[in-house]
Every structure is written in C-alpha cells, then in structure tokens.
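Here's a quick briefing to read alongside the model. Have the sequence and the structure open as you go.

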Amino acid sequence: MSGGPTSAEIIGRATASTLRRADELGAGSLALVAFGTGVGRFPLDEAARINDAEFMGYMIAVDEGYYAAEGLDLTYLSGGPDVIPETS
C-alpha cells in the first residue's frame with residue numbers, strides 16, 4: 001500500500017467522485033472519512049473546508065429543486081463525531 005502527501009485537488013476530486021457514485025447507487029445516507037488526513041498528512045481543518053465546498057454544491061442543488069425535478073427526495077443531515085448516520 002502506498003501513501004504520502006496529498007493535495008486539495010486530490011481531496012476535492014475524491015469527495016466529488018464519492019458523491020457522484022452515491023447518487024448513481026441511490027444511497028440513502030453517506031458518511032465520509034476525512035480524505036487525505038491520515039497517511040496523506042493533509043491538515044484536517046483544510047480537508048473539512050474542501051469537503052464542505054463539495055457538499056455545498058449538492059445542498060444548493062437540493063435548494064434549487066434540481067433533485068426534486070428528477071423525482072429524488074434528498075435530506076441533508078448534519079454530522080459530527082457523535083452522530084451515527086443510521087440513527088439521524
């Protein structure tokens with residue numbers, strides 16, 4: 001297994017790719033790890049900001065009705081270290 005430094009671009013692409021794949025699979029919930037902050041040694045606060053930016057696009061699409069127009073009912077649930085997605 002290889003690892004090492006990562007970048008904001010890599011984290012953004014990984015997050016966006018995961019969100020797209022979750023949509024393709026029709027996922028009812030999704031929990032993400034802090035991409036790049038382990039072996040990649042990327043600062044956690046910066047990784048969180050990148051993830052937030054990627055999620056923002058999805059939240060805007062919900063607010064604008066893009067998902068509803070396609071017959072999808074999505075709800076954004078806040079997360080955190082003490083939140084278990086299956087019980088939210």
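Let's start with Asn-51, which lies in helix 2. Helices here are DSSP runs of H or I with at least four residues, numbered from the N terminus. Keep in mind that this is a predicted model, where local features need pLDDT of at least 70, side-chain atom pairs count only at pLDDT 80 or more, and totals for chains, interfaces and linings use all residues. Residues are numbered from 1 along each chain as its sequence is written, and side-chain values use heavy atoms, with hydrogens and water left out.

**Asn-51 up close**

- Asn-51 counts as buried because its relative accessibility is 11%; buried means under 20% relative accessible area, exposed means over 50%, and partly exposed is in between (1.4 Å probe, protein chains only).
- Leaving aside residues up to four places away in sequence, Asn-51 touches Ile-11, Thr-15, Val-33 and Phe-35, where contact means heavy atoms within 4.5 Å.

**Helix 2 as a whole**

- Helix 2 covers residues 44-63, which makes 20 residues.
- From first C-alpha to last, helix 2 reaches 28 Å, close to the 28 Å expected at 1.5 Å a residue; that expected span is 1.5 Å times one less than the number of residues.
- After helix 2 comes Gly-65, with a positive phi near 85°.

**Salt bridges**

- How many salt bridges does the rule give? The count comes to three, taking a salt bridge as a side-chain nitrogen of Lys or Arg within 4 Å of a carboxyl oxygen of Asp or Glu.
- In helix 1, Glu-9 and Arg-13 are four residues apart, so about one helical turn separates them. Their side chains meet in a salt bridge at 2.8 Å, N to O, and both residues are exposed.
- Glu-24 pairs with Arg-21, with the closest N and O atoms 3.0 Å apart. These two sit three residues apart in helix 1, so they are also about one helical turn from each other.
- Glu-24 counts as exposed because its relative accessibility is 57%, while Arg-21 is partly exposed, with a relative accessible area of 44%.
- Back in helix 2, Asp-45 and Arg-49 are four residues apart, so again the separation is about one helical turn. Their side chains form a salt bridge at 3.9 Å, N to O, and Asp-45 is partly exposed at 46% relative accessible area.
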